[in-house]
Amino acid sequence: MEMFYNTCFIVSLALMGFYALIWHKHFPVVFTLIFAFVPIACLGTLYQVKAQNVGEAILGIKITYLGSSYLILFILFAIFELCNLNLKRWVRFAFIFITTVFFGTTLMIGKNTLFYRGIDVQQVGNQFRIIKQYGPFHTLYYLHIAVYLVISIIVTIYSVKHRKDVSNRILAMLMFCEASTIVLFFGGRLISNTLELLPISYIIDEILLLFIIKRIALYDVSDTAIDTIIKNGVTGFASFDKKFNFLGSNDIAKKVFPALATLTIDSCAAKNPEIKEKIISKINDFIADESKKSFYTEVGDKIYQTDISRLFDGHKHRGFLLYIQDDTKDQKYIALIDDFNDKLRNEVAEKTKHIVEMHDQLILGMATMVESRDNSTGGHIKRTSDVVKILIDEILKDKQSSLTLTPEFCHNIIKAAPMHDLGKIAVNDAILRKPGKFTPDEFTEMKTHAEEGAHIVHEILKDTDDYAFHRLAENVAHYHHERWDGSGYPRGLKGTDIPLEARIMAVADVYDALVSKRVYKESMSFSQADEIMTEGFGKHFDGQLQKYYVSARPRLEEYYSQQ
């Protein structure tokens with residue numbers, strides 16, 4: 001019998017040593033407690049067998065109960081852990097408190113009759129035998145052990161039926177552990193009154209737990225992924241606490257940031273100028289804006305991407321972690337794609353430019369065709385476009401101007417100017433070519449060219465992607481005959497209700513009409529035209545444009561002198 005208990009104790013120590021060899025920081029702490037308490041329980045039973053007096057027997061019994069009481073509890077906790085069922089803290093505390101209370105009752109053995117009414121040691125042949133008379137607390141003790149076993153069985157059965165995140169293989173091993181514990185804990189006493197079989201149950205549990213531990217390590221995807229990444233040796237890690245004290249780094253991190261090798265643990269990294277510039281400044285950017293979590297570092301012909309994340313200990317934020325990986329292939333691929341996109345963009349821009357030029361030439365050709373039906377001497381559309389450009393130049397020179405012109409606006413109005421009279425294509429030739437003054441009915445029809453022009457421009461440009469140009473060109477054609485005082489046509493718009501592009505176009509259109517020769521009139525002198533234009537500002541034209549007309553006069557007169 002002594003040899004049996006000696007063997008159980010030695011095997012339990014060997015299994016504990018093997019567990020220590022394979023121990024991993026990710027193993028649940030309850031497994032470590034189980035492997036630590038099994039030898040204690042086995043030592044207690046061995047000590048009882050060797051007891052030669054009541055005192056030694058009582059000590060052996062108390063050691064046995066120390067191991068057994070908490071082992072049953074730790075096995076219960078392990079079952080909850082393996083079934084992925086989280087026990088709240090107060091529930092764990094309640095179980096530990098109940099177990100401690102029942103273990104405390106075993107410490108009264110030999111002092112009162114509550115646990116054992118009596119205990120004696122008798123010599124039978126060459127061996128000593130412990131004679132026990134059980135008290136009421138002994139029954140309660142076994143009852144609470146039975147409750148723990150029942151809870152374990154219920155949890156396992158529940159997991160078999162309802163949990164998809166627990167391996168059936170693990171559950172089968174747990175059920176075998178529970179069955180062996182029940183059979184050997186309670187049935188062993190029916191088999192023999194002298195041989196305690198419970199140590200065998202503990203050893204079986206340990207062996208099965210070793211198989212379970214090796215298996216569950218693979219189920220923790222987060223831990224196995226991290227271990228695999230570290231083992232591959234291609235990813236760098238460096239960490240700092242919230243005050244930027246250095247916590248540690250691996251060799252890859254030191255290769256990318258050599259200054260890390262000069263830091264000692266818990267030293268302030270911000271005091272190192274290189275670390276402060278290359279790392280701490282990036283972490284500060286991340287703190288201010290968490291979207292700035294990545295940055296790149298070139299080392300030789302390699303490009304490394306560093307991702308910053310918060311470092312957590314459980315749920316508590318403790319600092320910052322740098323995750324560093326070789327991103328050379330991706331960055332070179334991105335550079336290649338960018339280069340290809342640039343070339344493609346340039347080619348598309350060139351093709352688009354050619355198409356736009358063709359489109360502009362078609363519009364200009366249409367405007368020229370319309371102009372050939374008019375009674376002007378020709379060149380009106382080109383001249384008005386040039387006058388618009390001269391006026392725009394003068395506005396842009398005025399840095400204090402209340403008229404804020406964007407480069408896009410300036411380009412579009414000059415481009416749209418030739419389209420302002422496209423609506424004349426819908427006017428009767430007899431009216432359009434009449435050399436004299438229009439009758440009221442003829443003038444009414446002539447005025448329709450503004451509405452018709454807007455409609456034609458809309459149809460021509462409706463499929464263009466350049467909405468800003470489309471809108472501006474339509475406004476120029478539609479409203480260039482509106483007047484500042486509201487007496488114009490076709491809508492009778494007044495003041496700033498008239499789009500700015502139409503107000504500028506009106507100045508150019510009227511000026512060209514005054515200083516250019518028509519079939520029904522000679523050209524006016526510059527002074528006569530200037531007098532009419534000056535009187536028109538604030539009535540016909542926007543008063544804000546007068547100073548730009550005045551500053552443009554020398555260029556306008558020079559331009560028309562060369563025509």
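User: Why is C8 called buried?

Analyst: C8 has a relative accessible area of 4%, and buried means under 20% (exposed is over 50%, partly exposed in between; 1.4 Å probe, protein chains only). C8 is therefore buried. The model is predicted, with pLDDT of at least 70 needed for local features and 80 or more for side-chain atom pairs, while totals for chains, interfaces and linings use all residues. Residues are numbered from 1 along each chain as its sequence is written, and side-chain values use heavy atoms, leaving out hydrogens and water.

User: What makes C42 count as buried?

Analyst: Its relative accessibility is 0%, so C42 counts as buried.

User: Why are α12 and α17 called oblique?

Analyst: Helix α12 (residues 380-397) and helix α17 (residues 500-515) pack at an angle of about 130 degrees, their axes 9 Å apart. Angles under 35 degrees count as roughly parallel, over 145 as roughly antiparallel, 65 to 115 as roughly perpendicular, and the rest as oblique. The two helices are therefore oblique to each other.

User: Which residues of α12 and α17 meet?

Analyst: With contact meaning heavy atoms within 4.5 Å, H380, R383, T384, V387, V388, L391, I392 and I395 in α12 meet I504, M505, V507, A508, D509 and D512 in α17.

Methods. Axes are lines fitted to C-alpha atoms, for helices over the stretch in contact, and angles run from 0 to 180 degrees between N-to-C directions. Helices (H or I, at least four residues) and strands (E, at least two) are DSSP runs, numbered from the N terminus.
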